[in-house]
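Here are my notes on this model, in numbered points. Please read them with the structure open.

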Amino acid sequence: MKVYVDLVALLNFLVDFLLILGTNRLSGYPLTAKRAALAAALGGAYAAVCILPGFLFMANTLWRMVSLVLMSMIAFGWNKSAIQRGAMFVFLSMALGGIANGLGDGSFWHLVRAAAGMYLICMIGFPGKAGNAECVNVIIQHGGKTVQLTALKDTGNTLRDPLTGKAVLVTDAAAGAKLLSLTVDELAHPIETIASGKYVGLRLVPYSAVGQPAGMLLALKVDSLTVNGKKSDQLVAFAPQTIGQGKPYQALAGGMA
């Protein structure tokens, strides 16, 4: 029986690509197609190498798990939520094999059809949400620096720019440190930070939260803010507290997306 290496690579790429997108949908993350494609390309290359003479040993369980871990790191990053998504991706991959065998002989095309079916189920049954949470992909660019993160569409976040009335994206100290080298202490004392004159372009945004006294957040009109691929002109505010605490988001989008 002839086996074509390029066909093996292509079919495995399609299967892995659909599974990664389905994993993001199930876990409430935005569909990051570029990272999914890179990870799927690794999966396709691994599958092709496994059928080459002299490399058949790489088809064993150990090397399969190594490839899945590397693919997960590329697709989801490396943090607590990424580990959870990686585990979900592994379980979906295992489930796919059983579904494909149930549909037919377990051939590559049966795998592709099964993966497409699983992807459609994820798309229809879980439209970008995990429970009642819905997340969006956010890219912030300022001063030649870029921060990419996931934001929760929080209907309870009513923070508004007092000058324009527009919603404000709220992120935490990690983004502030990367974009402006802001420290947690500077974020916790916004009026003093503004008065120091150390940072250009910062302004104050008043906020209030349940169970907490009203206060101020440091905010900035960044060079570029993209939400789910669409340009936005809202302010970005920086909270001294960590947002998300290991959950699938690192910012609060409110009504802006």
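1. K166 is partly exposed, at a relative accessible area of 36%. Here buried means under 20% relative accessible area, exposed means over 50%, and partly exposed is in between (1.4 Å probe, protein chains only). K166 forms a salt bridge with D233, and the closest N and O atoms are 2.5 Å apart. A salt bridge puts a side-chain nitrogen of Lys or Arg within 4 Å of a carboxyl oxygen of Asp or Glu. D233 sits in the loop between strand 8 (230-232) and strand 9, and K166 in the loop between strand 3 and strand 4, so the pair ties together parts 67 residues apart in sequence. D233 is partly exposed too, with a relative accessible area of 39%. Helices (H or I, at least four residues) and strands (E, at least two) are DSSP runs, numbered from the N terminus.

2. A word on the basis. This is a predicted model: local features need pLDDT of at least 70, side-chain atom pairs count only at pLDDT 80 or more, and totals for chains, interfaces and linings use all residues. Residues are numbered from 1 along each chain as its sequence is written, and side-chain values use heavy atoms, with hydrogens and water left out.

3. How many salt bridges does the structure hold? The count is three. One of them joins R203 to D161, with the closest N and O atoms 3.2 Å apart. R203 is in strand 5 (residues 202-209) and D161 in the loop between strand 3 and strand 4; they are 42 residues apart. Is D161 buried or exposed? D161 counts as buried because its relative accessibility is 6%. R203, at 28%, counts as partly exposed.

4. K198 and E186 also form a salt bridge, at 3.4 Å between the closest N and O atoms. K198 lies in the loop between helix 8 (190-196) and strand 5, while E186 is in helix 7 (residues 184-188), 12 residues apart. K198 is exposed, with a relative accessible area of 55%. E186 counts as buried, at 15%.

5. Now the strands. Strand 4 (residues 169-172) pairs with strand 9 in the parallel sense over four bridges; pairing requires that DSSP finds at least two bridges between two strands. L169 has V236 as its bridge partner in strand 9. Strand 9 (residues 236-239) is covered on both faces: V236 and F238 are buried on one side, A237 and A239 on the other.

6. The largest nonpolar core has 24 residues, and L169 and F238 are among those with the most contacts inside it. Such a core is a set of buried Ala, Val, Leu, Ile, Met, Phe, Trp, Tyr and Cys residues joined through side-chain atoms within 4.5 Å. Helix 6 gives the most to this core, with four residues. V138 is also among the residues with the most contacts inside the core. Beyond its neighbours within four places in sequence, V138 is in contact (heavy atoms within 4.5 Å) with residues including V147, L149, L169 and L225. A second, separate core has 18 residues, including L18, L21, L68 and L92.

7. Last, helix 2 (residues 33-50). Its 18 residues should span 26 Å at 1.5 Å a residue, and its end C-alpha atoms are 25 Å apart, which agrees. The expected span is 1.5 Å times one less than the number of residues. Buried residues of helix 2 include A36, G43, Y46 and C50. Their cover includes helix 1 (5-27) and helix 3 (61-76).
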